[in-house]
Structures are given as structure tokens and as C-alpha cells.
4 protein chains.
Amino acid sequence: MIQEIMRETLENARPAVAQGEVASYIPELKKADKNQLGLSIFTMEGERYSVGDTKVRFSIQSISKVISLAVALELCGFETVFDQVGMEPSGDAFNSLVKLEISDSHPSNPMINSGAIAVSGYIEPKIPFDQMLTFTRRLCMDPGIGLDSRVYESEMSHISRNRAIAYLLENKGVLRNDVERTLDFYVKMCSLSVTAESLAGLGLLLANGGVSPETGVRLLKKKTVKVVKTIMLTCGMYDGSGEFAIRVGIPSKSGVGGGILAVADKKMGIGIFGPSLDEKGNSIAGERMLQYLSEKLKLHMFEA
Amino acid sequence: MIQEIMRETLENARPAVAQGEVASYIPELKKADKNQLGLSIFTMEGERYSVGDTKVRFSIQSISKVISLAVALELCGFETVFDQVGMEPSGDAFNSLVKLEISDSHPSNPMINSGAIAVSGYIEPKIPFDQMLTFTRRLCMDPGIGLDSRVYESEMSHISRNRAIAYLLENKGVLRNDVERTLDFYVKMCSLSVTAESLAGLGLLLANGGVSPETGVRLLKKKTVKVVKTIMLTCGMYDGSGEFAIRVGIPSKSGVGGGILAVADKKMGIGIFGPSLDEKGNSIAGERMLQYLSEKLKLHMFEA
Amino acid sequence: MIQEIMRETLENARPAVAQGEVASYIPELKKADKNQLGLSIFTMEGERYSVGDTKVRFSIQSISKVISLAVALELCGFETVFDQVGMEPSGDAFNSLVKLEISDSHPSNPMINSGAIAVSGYIEPKIPFDQMLTFTRRLCMDPGIGLDSRVYESEMSHISRNRAIAYLLENKGVLRNDVERTLDFYVKMCSLSVTAESLAGLGLLLANGGVSPETGVRLLKKKTVKVVKTIMLTCGMYDGSGEFAIRVGIPSKSGVGGGILAVADKKMGIGIFGPSLDEKGNSIAGERMLQYLSEKLKLHMFEA
Amino acid sequence: MIQEIMRETLENARPAVAQGEVASYIPELKKADKNQLGLSIFTMEGERYSVGDTKVRFSIQSISKVISLAVALELCGFETVFDQVGMEPSGDAFNSLVKLEISDSHPSNPMINSGAIAVSGYIEPKIPFDQMLTFTRRLCMDPGIGLDSRVYESEMSHISRNRAIAYLLENKGVLRNDVERTLDFYVKMCSLSVTAESLAGLGLLLANGGVSPETGVRLLKKKTVKVVKTIMLTCGMYDGSGEFAIRVGIPSKSGVGGGILAVADKKMGIGIFGPSLDEKGNSIAGERMLQYLSEKLKLHMFEA
């Protein structure tokens, strides 16, 4: 039955694809096939459902911010991470420098570029990228995750804005790690290639409070997972996060590669792939699928 | 036992009182006794617990924004309300005009002054203030709620900033109702006098999805309550909402009168009174009490 | 010969008329005939030249800010006027509230609405409007100047934005005079009806350091005139003032009624009428005429 | 007699020294002797007057922006230079990124860091630094001008903010030249060591419309000089330019090394050295000297 609802969800959302566009800020992302669409659900009961293009590899992009934040919380602790990075939605676009410049000496939150670059600065000296990759594979229950070197190179050759952000962070004393090493690490994390299924795997782990439901092994601390889910809820869908929390009510994080990681707490992990984006940078069909699923399966956190 | 935890909670938070200040922007609020502190919990099981100054009347202030939003959703519907008012945290102070001016033609959300004034403009022509008062008494299960005319008059004689906001809203076509009538309605709603118990009553109704647990009568639609709780979570604690969601994880709304309305979903309503405020305008001991309770009673929405 | 250059100037600028639009923010201004164009020059030698529609009455609008500033300097003195109003170009649009809100407690300068409203607040209690009118007639050597009551009423019924600004100024302690009386005074000054010749008259007075060249009577103090000309230069052409200073180099003040007052220091007063405006609110043909004249007659302040 | 007025000017300004501070953003500038004070005047008649520390070498800093702008206008022409850089005072601090980010795709003007970096990007590929140095010596009539390598290195190791600005400019398509080469050129120009006399020499050249009064050789075009003087007037004294134009009325450019270049048009060049700065970054005694001189010698551009 859930498979059927998922198929329904997919078909209901498909027309939205035409209204969006694939990401164009780097050439490599422009190559995505706008019409691909995939939806995976991994439940606490151990069931795995997939419809559509759920095995297609795509660029994780901003969804990696969730992983980096989780790892930073594990390695450095809550107080250290949030000493230089805020916890508030910025109300601005994800790559804005304005808030950073005007009022605060630190990034608004770890889900926008400036915050994620600061977070990368915390962990880069503590954990080599290879180890991050290995850990990401475990978190996502997907040994196939790798670095997409073409995306990585494409990103690195269009890095001006993020480089500007990073040097501004250095100037403000937020980023104390080497700027270029930090950027390299940040871009590598954005260039991981995942599938809708990888995201469902990660979502399930978070839904289960940090314990792998397959192995029973705890991969992340309870508190880490609580913090991460809350920030996904308040800041995960760029400057559309507030509306998404109302309409959908599921902690989610999107990336401009077309992925959405969603966590129906204590129920299921949801992974989505749909590279056609709305003007805020969220998968347009993905958002529609999540709203549909939220209503059908009563997944809104404040469902009565 | 819960009574004991509540007493503990209160005593744990009491030292924070000294670090805050009572609201000073209108003379009438300055008269509050900084040391008062009250905590009420009304549970889904029908129990009512109170410790401290829970029968002291104080000014509801911004907590009335929750009631006005709920009534607007009931009277005008979701689409109308959010046609001219956004759903995003603003990232700015509650009474800022900047966001309103720079990027958007409408207020960021209904929990900041500009949004609440717009909401008042929707309902003022539809429901007389007397009826709002009667309905508020029912929502809070407190027939003692009334208009504090000294607060009302004090507010009205210090209304310049809100008047500026209202005329800017008129200029932008957001406020189409008469400006002065709208302001009068808005200020009257802010001048209602409640107790910590009134807020616990309202909180319980919201925790129960809009149905009065006492009478079994539905006072608010399911969807209204879902929307209201989500907005309280993302926008309810001024520009500290994001941090509060992480640390406490309970949909809450504070007012500069020192009140906090908190909704532990499907569990209990919590009402707080503590007029000593932090620099963001939230009851300083109130926040501490909620964080303590959240940990002790495991009330965080993403508690594992 | 100068008459010939003026005719040339007018014809050279005429094609620009088609690229602009008459002001539309109040209905009364929309009625202006976009094709009208007039240019008057009054020289220190006592010559008066006029070509085109120089006797057509139109609304002075923002050019009245120059007169109000001059009168405020005379009545209250330099230090008082600039205690609550700045001297810096704002870099923003003339009716913006952003700067006022973000960084400063006071308006950037007296040539933007917020600054001129503050200035009106200084003088309204000191000089009745009738007396302002009489003095304006003397400054402009034009006894025909009067209040256009249709413009005045049209303005008053579209006053929301200026009212918002005025109440924000009250809130910030900048405006201490009665808000509604101040606004009324401000709007009346904007609703005076002048001609290109009136503006040339005022320009000549300023070019001559405040002494009427006809009667030899000093109407404004030397220092007042020096201050006024400098502010016209740095802030007179809305957010195009910097470019205008470079390209034209003549202290000027424009109004959305289509007028421009220009002061070729120690040489001549120039009055322009051309109600077709560019997107910054400056007479589009007027600017072109001034640039042409500046080159032909070598009027740039830093002409080598 | 002028020598006497100059001595008077210096002594009148000396007490202000105590109220400021030397620049501290790079260690090398912190070493300046706060009490040094020098004033040089070179007149059109060929007289050269100096009082105080006018032969002390100090870092030219932002005053080099005037030279770079002049050279860019000569090499690329007016339209090219102002295609990507504005002509408006920004109303913000000299090193702000806000305006750049919010409203415009280009820097507000060539006197703030972002604008000057863009200008450096125009000229760096066209003229090697050595040649710039030689030309600067000619403009200032001072063969002793050289690169202060300690300042240069100190700047380069505190370059984060300017690097952020430069990469943001690259991101916006304003800076098309190599970023690191551009920054290097920009910093070298800021690290030239001049004296109050060098600045008086440059000021005299500008006062004389671009022709060396000594040799009669034209070094800069008339139009270049006209543009440069106007921009100095509207944007030369950081975010205090408007007030300075009113109070002093002499096109000037200050640098955080403590220098001020001032141009009393058609009369004299004025060079000032006084490293104690006000909070806007202008030489505090320097400003006072210029105001004093302006009054004594009637140098205000709109002096009646």
C-alpha cells in the first residue's frame, strides 16, 4: 500500500517538474536531466520502498551541511560549534553576505554557506576528508558514495562567492583554520554523489535518534541528532523553511543537486531526487512530494 | 511528583531574574514587580498544577498575536491570511521596519508587530473587540480576562513606532483596513490581562488540537492549530526563536509583559509569568524554566 | 546669443522627453503635460532669458526642501538643524526608511523626505505657513506663487509613506513637534505652484550669496546660502546626485513636479520645467539641458 | 603672512591630536607617532610653504585611490571606468560589503575599497607597477616616493577583508582581471610612502587643471582632473564627506596613514600629515586644519 501511495505521490508531483529549472551556477550541475524523479522511504520497521530514479547518483550539495554539522557536534561539542555560528534562520538567501556583514560577527546558522564553511573550518583539521567519506557511507548505509571529481572541479573553478565568504569569515575571526584548505574540504563534501536511497538511509538513522536500525550500533549521539533535526526544520529549506515547516512539518534539507533528505521522526527516513528547482533552490517536485506524503501519511510534526 | 519538579524548576530559574529587566518602553509595564515568578501546567489528563505567582494578572502583550492569528485563520482562511503576510522568521528584531522595506512587500510573519498589525486589519472589520474578548476567555478557560485600561492608554500614548509600521503597511497595500481602527484593535488585544494559568489553559487547548479537554467542544480547527503551533516554534520567541527551538523544542510565544505560552504537543499546556526580560524581550527566568522542564520531562519535540 | 544657446539646449533635450514618465504617485501630478519644457536663466548682470514653457505653473515638490532648509538655518541656526539631521548623501532612494532604521537615529540629510519632515518640524512652530509663502515669493521674485489646493489635497490623501516616516521620526525622538501639523506644513510647502522663472529667480539669489540682485537687500545669510548650495550639490538630485555633480557640476535640486532649480555660482540662476521624469525622479530633459548648458557655458564648478 | 596663518592653523589643531588614535588595523601603521603634524601649501604663484613635519614619510594609503582613478581615466576613458563602478557616495563605511551585495552589481564609487580594487583591475594589465611609481613621482613632484616594503608586507598579511571584497567583485563580474594580481597592485599603491609636501605637489597639479605649474607640461587631461576633483569632493572623506563638503568645501582625500590631499581649485594644493585619526578614519587634526584654513583663506568652493 505504501508503495502505491508513493507512486501516486510521484505522479502527482511530476507536472511540477516543468515549472522549475536545473541548477545553473556551475556547468557540471546544468547537465542534470530535469525530468528524473525518485522517492525512497526506509521505515523504522526495516522496510525499504523506492519508486522512480532512486539509484541515480547525483550531487549531494547542501545536504552535506547536515553531515558536517553532525560530525562537528560529535568532534567539538555543542558549545564550541555554536560559539561562532548562530542558530537562527537568516531570512536571507543561502549565499548572502549581508547579515554576516551588518549585524553579527558570525554566520546566522550552519545550513547557509557561511555557516557551513565555518563548520568545515572546525572539522577540517580534525578529520581527513577520506575519513569523512567513510563515515558518510556508514551514515547513509551506502558504500557506493564517492567524490564526483567533475563536480568538484567545476565547483572549484566557480568558487569566487564562497571564497569571498570564507575570507570575510577569516577577517571577522570566525574562521581560524586555513581558508583554502577549509574551502577545499567544504567543496569536496558538496561534491559527494548520492542517491535518493542514500538519503533515505541517512534519514532513517536520524529518525531513529542516531542508532543504525540495521545493526543497532549508535553512530551519532542523541543530542547531536536532536540538534540536527531541529536546525533542519528551522533552516533546512533555504529561505522557504518557515513555509515548508507549516505546510509539510518534516525536518528536511535540500541541495541544489535536486536532493532532499527528510526525517519523519521516529517513523521513517525519506530520500528524494528531482533536479528541477524552484527559485529558492529547492527541488520543486520534491517539495510537492513531501507535502503530499505529509498529508497522506500524517507526517506533520504537529499532526493532531 | 510533577509539582515537585515544578518547584525545582522555579527555584532553579529564580537567580536569572536579577540578570534581566522589566519592559520599559511604556511606563505602565515598568511598574511590574521584577521578582514575581509563576509556572502553571495543565495536562491532557485533566490535572492542573501551579507554583508561584500564577494568579497575578499581567499584560498579555505579544502572546495575543497567537490568538489573533488563530481567529484570522478561522475567519478568513489560510490562503487569505498568508496572501499578505509571510511565514518566515525575519531574522530581525520584532519591531523592525527594515525587512518590510527592503525586500518584501509584506511582513515576514504574523508573530512580529508588522505581521500582527496586518492580521488585526483582517479581523477588525469582521469581529468586534468585545467578541474577541469573550472568545479569548473561552480559549484560555479564564472568564477573568479583561482589558487593562491603564496599559491600553499607556500603549496608545507611545504608539509612534507601531503607527509608523501601520502606515507603511497601508502604503504597501498590505493593510487595507482603516489604520487607526486597526491599531486600536491591535493595542486592545495587547492590553488584555491574563495569568500564568490562563496561558496554561490556552496551551492545553492547542496541545489537544483545538478541542477543549474539559468540555470536549472544538474551539479551533485542526489545521488552524497545526499552523499556529508551527509558527510559534519557528517565530514565537522573537529573534531567539531558532536557539529556543534547539534548546527547548516546545512551541512557545512570549510577550514583554513577562508571559510565555508553551505547548508540549499532545501532553500539556504550560503558562509562565516572569516579567524580568532578557535583551530580546523574552522572560529570562521563563526561558530557563522551559529549558529545565524540557530536559526533566523530555518535552523536546525531537526527543529520542 | 545666450538666447540662441538656450533654444539649442531645449531642442537638444526635447527627444529625451519620450523616454521618461510624469510622476504618478499622486493622481494630481499625473495630469501634467509630459511634453512641456521650459528654461529660464537670470544672470548676475540683471538679464533674464526664457525659452519654452517658462510661465506654466507646476508643483514645486521637493525643491521646497531647499527653501525650508534655508529658513530653518535662519531661524534655528546651523547647529540646531544638524543636531538631528545629517549632512551625508544617503545612497538610497529619497523616500527610503532603511537608513533611518538601521544605522542612524536621524535622517541622512535634509534633501530626502525624512530629513525635510524633520526640518519642517523645526520651523512649523516658529513661522506660520502664510509667512513662509510670502517669504518664498520674495526669494523667488515671484508674487504669483500660491498653494495649489488640488495638489495639496491629492498629496494628503496619499500620505501613508510620509506619515510612516514622520511617526518613525517621532519614535526616534527626532521629530518633537506635533506629527500631523508637521506633515500638513510639509505637504503645503510641496504643493506650492511655481514656474521655471520663479526657480531662476531663486537660483540667482543663491548665486549672489543671498542678496537680491534687484534690490540689493540681503534675504539670506551668507552662511545659509553656502550650506544650502553645498547640500544641493551633494544631495540635490536624489540618488543620482554624485553622477550629476561629475557630469554637470552645478548645485541643483529637482522635484517630481518636473522642476529643477540650479545655481551657477556667482554667475546665474537657472530654472527648468519638464515633467517627464527618469526612474530616479529627476526631469529627464531637465538633466540633459543642464549638462548641455554646463558644457556650452562652462558652468561646471571645477571647470579648468 | 601665509606662513603665519599656517603656524596658527597647526597650533589651533594640535589639541585635537589627543582625541584620535593612529590606525591599528595593521601592525605597521600602529607604529606611527601620533603627535606628528605637518602642513604644506604650494600655490599657483609658485610659492611653497611648509610648517611642522612635512618631510616625514608616511603611508599614502587611500589617497592612492585618487592617483589610480586618474590613471584609469587616462588609460581606459570615462565610460569604461564608470561602466562597472558607480559615482555615488555610498553612505556606508569605506570597507563595507553591504551596498555591494544588496542593491547594486557594482561598487558605489572609486574612493571606497571595492571601487578602488575594481579600478586597480582595469589598470594592472595596462601599466606595470614600476611605471605607476614613476608617474606618481611626477604627479607629486617628489622623486623620493617609494614602496614601503614593511607596510606592503603588513598589509598583505592582513588582507582578508579586501580579498573577500575582490572575490565578491569577481563573482559579480565587476573584476575580470586576475584577483591576486589586482590585490597585489592595489596594496602596492596603498604602500607608497609620501610626505605632506608630495601631497601639496599633487594638489597643486589638480588645482591647476592637470598642467604642471613648474614645467608647463600637461600630465593629466582637463576632464580627468574635473572628474577626480568632483569625486574627491563628494566621496573623498569616507562617510564624513558630506559634512566636510559643507564645513570645508575643498575637494580632499584622506588616508588612514594620516595624510590628506586637498585641492583649493585654481589657488593651491594642500598637503597634510597627522596620523591621529577620528572614528571615520580621517586625520583628526588634519580636518581641523582644513576647516581653519578654509575660513581664514576663504577657500570654500561656494564662498560668497
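In the predicted model described here, S254(B) stands opposite I260(B) in strand β7 of chain B. Local features rest on residues with pLDDT of at least 70 and side-chain atom pairs on pLDDT 80 or more, whereas totals for chains, interfaces and linings use all residues. Residues are numbered from 1 along each chain as its sequence is written, with chains lettered from A and ligands numbered from 1 in the order in which they are written.

Strands here are DSSP runs of E of at least two residues and helices runs of H or I of at least four, numbered from the N terminus; two strands count as paired if DSSP finds at least two bridges between them. Four residues separate β6(B) from β7(B) in a hairpin, and in its turn G258(B) has a positive phi of about 105°.

On to the next partner: β7(B) also runs antiparallel to β8(B), residues 268-273, with six bridges between them. I260(B) faces a residue of this strand too, standing opposite I272(B). The β7(B)-β8(B) hairpin has three residues between its strands, and K266(B) in the turn shows a positive phi of about 65°.

How enclosed is β7(B)? Six of the six residues in this strand, 259-264, are buried, so β7(B) is largely enclosed by the rest of the structure. A buried residue has 20 or more other C-beta atoms within 10 Å of its own, an exposed one 12 or fewer, and a partly exposed one falls in between, with C-beta atoms placed from the backbone. In a regular strand, side chains alternate between the two faces of the sheet. In β7(B), G259(B), L261(B) and V263(B) point one way while I260(B), A262(B) and A264(B) point the other, and all are buried.

Turning to the chain as a whole, chain A holds 14 helices and eight strands. Of its 304 residues, 62% are buried.

Finally, the two chains: a rotation of 180° with 0.0 Å of shift along its axis superposes chain B on chain A, at an RMSD of 0.0 Å. This is the relation of a two-fold axis. The superposition is by least squares on C-alpha atoms of residues with pLDDT of at least 70 in both copies.
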